Amino acid sequence: MGALARPGGRQAVTQSPELSGFPPVLAPDAAILLLGSFPGVASLAQAQYYAHPRNQFWRLLGACLEVEALHLLPYEERLRVVVRHRVGIWDVVASCRRKGSLDAAVTGAEVNPLAAYLREHAPRLECIGFNGGLSWKLGRHLADHGYRVCRLASSSPAAAMYSFEQKLEQWRPLFACRS
């Protein structure tokens, strides 16, 4: 929260506006789900998952699916390719308040009804990969519902401690789930 100066020296506390995430990209035959935390500023502005040009999500996913230029395709075509490969994309957080794009700035998170939704809408789902720490923290309980879960190195540009190749090494095993 920030503070605005008021006449007379008093301060009014201001809150970030409540932000809403995106619906899932998920077909009934999905075998793998990639769960992020919540869309960043660039993604919200463009109404696209992983829209920041330095986010490595689409390059990582393309390498895992062996679709080399996935990140270069128009967004709607990327989504069609993902669905054809039985992969889903969603976020753990449905709505929250946040200034900027960092997960550490998320407050008042309302979590999506993951287990109930997935049972009904993706009955063949086997594996869930959590793209970063907040998604893992808020969603790892899905292992209790019979899913194989794994925490992935975040595709975010804020996770610069890992190279693309190191991230890819963590991401690839998840894609052995697709039978």
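# Close-up views of a predicted model

**View 1. Strand β6 and its partner β7.** Strand β6, residues 93-97, is paired with β7 through 3 bridges, and the two are antiparallel. Ser95 lies opposite Glu110, a residue of β7. The model shown here and in the other views is predicted.

**View 2. The open sheet that contains β6.** Three strands form an open sheet in the order β3-β6-β7, and their pairing is antiparallel. The edges are taken by β3 (18-20) and β7 (107-111); each has a single partner strand, so one side of each is left without a neighbour in the sheet. With direction ignored, neighbouring strands in this sheet are turned by 20° against each other on average.

View 3. β4 pairs in the parallel sense with β5 over 5 bridges, and Gly36 has Asp91 as its bridge partner in β5. β4 also pairs with β8 in the parallel sense, over 4 bridges. Leu35 has Phe130 of β8 as its bridge partner.

**View 4. Strand β8, between β4 and β9 in its pairings.** β8 has a parallel pairing with β4 and another with β9 (residues 148-152), to which 5 bridges join it. Ile128 stands opposite Val149 of β9. β8 is mostly covered, with 5 of its 5 residues buried. Cys127, Gly129 and Asn131 point one way from the strand, whereas Ile128 and Phe130 point the other way; all are buried.

**View 5. The largest nonpolar core.** In soluble globular proteins, nonpolar side chains tend to be buried together. Here the largest nonpolar core holds 45 residues, and Trp58, Leu61 and Phe175 have the most contacts inside it. Two or more residues each come from the strands β4 (32-36), β5 (87-91) and β8 (127-131) and from the helices α2 (57-65), α3 (75-84), α4 (114-121) and α6 (164-171). The largest share, 6 residues, is that of α2.

View 6. Which residues does Leu61 contact, leaving aside its neighbours within four places in sequence? They are Leu34, Leu70, Val82, Val87 and Phe175. Among these contacts, Phe175 is, with Leu61 itself, one of the residues with the most contacts inside the largest core. A second core is separate and has 5 residues, including Phe38, Cys96, Val106 and Leu134.

View 7. A search of the whole structure gives 0 disulfides. The closest cysteine sulfur to that of Cys64 belongs to Cys150 and is 10 Å away, too far for a bond. Cys64 is buried, at 9% relative accessible area. For Cys150, the closest cysteine sulfur is in Cys127, at 7.8 Å, which is also too far for a bond. With 22% relative accessibility, Cys150 counts as partly exposed, whereas Cys127 is buried in β8.

**View 8. The whole chain, for orientation.** The chain has 6 helices and 9 strands. Its radius of gyration is 17 Å, close to the 16 Å that the globule rule gives for 179 residues, so the chain is as compact as a globular protein of that length. Along the principal axes, the C-alpha atoms fill a box of roughly 65 × 35 × 30 Å. Of the 179 residues, 45% are buried. Of the contacts between residues at least 6 apart in sequence, 61% join residues at least 24 apart.

Technical notes:
Residues numbered from 1 in each chain as written. Predicted model: local features only at pLDDT ≥ 70, side-chain atom pairs only at ≥ 80, totals over all residues. Heavy atoms only, no water. Core = buried A, V, L, I, M, F, W, Y, C linked by side-chain atoms within 4.5 Å. Buried < 20%, exposed > 50% of the residue type's maximum accessible area, 1.4 Å probe, protein only. Contact = heavy atoms within 4.5 Å. Pairing = 2+ DSSP bridges. Axes fitted to C-alpha atoms, helices over the stretch in contact; angles between N-to-C directions. Disulfide = S-S within 2.5 Å. Rg over C-alpha atoms; globule rule 2.2 N^0.38 Å.
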